[in-house]
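I opened my notebook to look through this model piece by piece. Here is what I looked up, in the order I went.

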Amino acid sequence: MTNIRSLIYVPVLHTQKEAGEILLSLKRDEAGASSDTSLVEQEKSVKEMWDGIHEKIQNTNISCPTIRIYQDAMPVCGREKEIAEKLAQKASRNHQLILELVKNGANIEGTEDPDLLIEEYGNLSQLIGKAAVSIQSYRDSLNEYKEKGALLMKKRDAFIAERIKSTLKEGETPLVFMGVRHELEKLLQSSFAINYIIYRLPFKKVGDIYNV
Amino acid sequence: MAVNKTKILVIDDEKDLCFLFKKILTPEGYTVLTAGNGYDGIKINQKSDPNIILLDLKMPGINGIETLRRIRKKDPDVIVIIITGYGDAETIREAEDLNVYEYMSKPFNNETVLKTIKEAAASKDKDD
């Protein structure tokens, strides 16, 4: 009988600001922070989500040194910890949690193909540029963005799945933080027994770039 | 949506949980209806037109996602909050595609559920 390894999968929502900063960090650029009330509300909801995830991870009693962390939009670049530190300083609860786990002995792994992330950044920037023209122009461009995004997501997921399989060491458990639109689990379920950690996903409060 | 006019339909095969929701929501002024499976939930939704549905995913007969798919055909706007002990990535995507307000896992904190319901009801007020 084959002994199938266990994988912890945490589906997450990002705030629009957070998603922007993840991509922007790769470009060494500054994200435009908004003081819009809805963004404040979004961040509050996402913070609550992360507080719940934090508690649930603690309750698993898994030993940190046996955890290898894979994070949505974390490029393979050799500066993974530095990126997590920068984003944690910008109050990303996601990255604050990663740093806490790393401090307790967990390893963080470069997860995504940087070229694919830059492509995603380009598509997103183009879409955001349309929003600067008018909401109608933004809506008109959404379908094109969605089509390109779906193809790109498949490539990103394929890369991530291979990355997990090739970097995971004997005795380690992968802890995967992934945005809810990824379909990564489909590529992993034949190799791993997937255990989900879900606290709450406040879809309507956080919204997404499609719902404008 | 004033609390005392808000009707909540709980669709869950766990009788204890339906009872718990009645116990925590009724004193807050909500009218609580319950259904023990998806088929009954769809019927009660059509007949009673609730403002908010609390929906379990794993139920005998049709599951929560299929129940929601059928509800959405006739009722695209009702606020739906998924409360489940058996979530996975695929059902999360399906739930989001079916315009779910929030996806929560069991066991849950009563205060969090109550707060989410209040926020959901208030968001409906804003939309109206």
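Entry 1, a helix pair. I listed the contact between helix 3 and helix 4 of chain A: Lys81(A), Ala84(A), Glu85(A), Leu87(A) and Ala88(A) on the helix 3 side meet His95(A), Gln96(A), Ile98(A), Leu99(A) and Val102(A) on the helix 4 side. By class, the residues of this contact come to 6 nonpolar, 2 polar and 2 charged. I kept in mind that this is a predicted model.

Next I looked up the geometry. Helix 3 spans residues 80-89 of chain A and helix 4 spans residues 93-103; their axes come within 8 Å and cross at roughly 130 degrees. The two helices are therefore oblique to each other. I also noted the hand of the crossing of helix 3 and helix 4 of chain A, which is left-handed.

Entry 2, the sheet of chain A. In what order do the 5 strands lie? I read 3-2-4-1-5, an open sheet with parallel pairing. Strand 3 (107-109) and strand 5 (192-196) of chain A are the edge strands, each pairing on one side only. Neighbouring strands of this sheet are turned by 30 degrees against each other on average, direction ignored.

Entry 3, strand 2 of chain A. I followed this strand, residues 67-71, to its partners. With strand 3 of chain A, strand 2 pairs in the parallel sense over 3 bridges. On that side I found Ile69(A) opposite Ile108(A), and Tyr70(A) has Glu109(A) as its bridge partner in strand 3. With strand 4 (residues 173-179) of chain A, strand 2 runs parallel and is joined by 5 bridges. There, Arg68(A) has Pro174(A) as its bridge partner. Is strand 2 of chain A mostly covered or mostly open? I found 4 of its 5 residues buried, so I wrote "mostly covered".

Strand 6 (residues 200-201) of chain A and strand 5 of chain B run antiparallel and are joined by 2 bridges. One bridge partner I wrote down by name: Leu201(A) goes with Tyr103(B) in strand 5 of chain B.

Definitions and conventions:
Residues numbered from 1 in each chain as written. Chains lettered and ligands numbered in written order. Predicted model: local features only at pLDDT ≥ 70, side-chain atom pairs only at ≥ 80, totals over all residues. Axes fitted to C-alpha atoms, helices over the stretch in contact; angles between N-to-C directions. Parallel < 35°, antiparallel > 145°, perpendicular 65-115°, else oblique. Left-handed = near helix turned anticlockwise from the far one by under 90°. Contact = placed C-beta atoms within 7 Å. Nonpolar A, V, L, I, M, F, W, Y, C, P; charged D, E, K, R; others polar. Pairing = 2+ DSSP bridges. Buried ≥ 20, exposed ≤ 12 C-beta atoms within 10 Å, placed from the backbone.
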